[in-house]
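Hi everyone, thanks for coming. Let's take a friendly walk through one structure together, so please have a look at the screen.

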Amino acid sequence: MSEPGILLTARALVLHDLAARGFDDAAMVSALEDAVAERQWWLDQWPDGAEHIAGLVAQDVQDRLTDSGVRWPRCTACDDLNDHELRIEPELGPDPHWVCERAGISVSRLGQLT
């Protein structure tokens, strides 16, 4: 896949998951756009790391939202009533998916949250 295609695919996957949880407003999409733009440099430096881009963009967006006091995506998959978010695993690797670290369960592949 071409470099622009890799970044556009990552953007589409994360945007789907933002929308699935009602976080697709202008501020959230702006955070996504910033994360994608910044990962362009990373991809230019390490083209062989293309398979990691989608998970990294998701983590970047999650970090930006957390820094602004927003938890995304919230876990709705386990029985823990304390508010907590899902995390991307692997942190650096192909086939990123959302997991609930508290329950130790895989919830969804990136781009397939409901």
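**Confidence, core and strands**

Let me begin with confidence: in the chain, it is lowest in α1, at a mean of 94, and highest in β2, at 98. Remember that this is a predicted model. The chain as a whole averages a pLDDT of 94, and 97% of the residues score at least 70.

Now, the inside. In soluble globular proteins, nonpolar side chains tend to be buried together. Here, the largest nonpolar core has 30 residues, and V14, L18, V57 and V61 are those with the most contacts inside it. Which elements give two or more residues to this core? They are α1 (3–20), α2 (26–45), α3 (53–67) and β2 (97–100).

Let's zoom in on V14. Leaving aside residues up to four places away in sequence, V14 touches L32, A54, V57, A58, V61, W72 and L110.

Next, please find β2. Its residues H97 and V99 point one way, W98 and C100 point the other way, and all are buried.

What does β2 pair with? One partner is strand β1 (residues 87–89), joined to β2 in the antiparallel sense over 3 bridges. There, E89 stands opposite H97 in β2. Strand β3 (residues 105–109) also runs antiparallel to β2, and 4 bridges join the two. In that pairing, V99 stands opposite S106 in β3.

Finally, look at the hairpin of β2 and β3. It has 4 residues between the strands, and G104 takes a positive phi near 70 degrees.

How values were computed: Residues numbered from 1 in each chain as written. Predicted model: local features only at pLDDT ≥ 70, side-chain atom pairs only at ≥ 80, totals over all residues. Heavy atoms only, no water. Core = buried A, V, L, I, M, F, W, Y, C linked by side-chain atoms within 4.5 Å. Buried < 20%, exposed > 50% of the residue type's maximum accessible area, 1.4 Å probe, protein only. Contact = heavy atoms within 4.5 Å. Pairing = 2+ DSSP bridges. pLDDT = per-residue confidence, 0-100.
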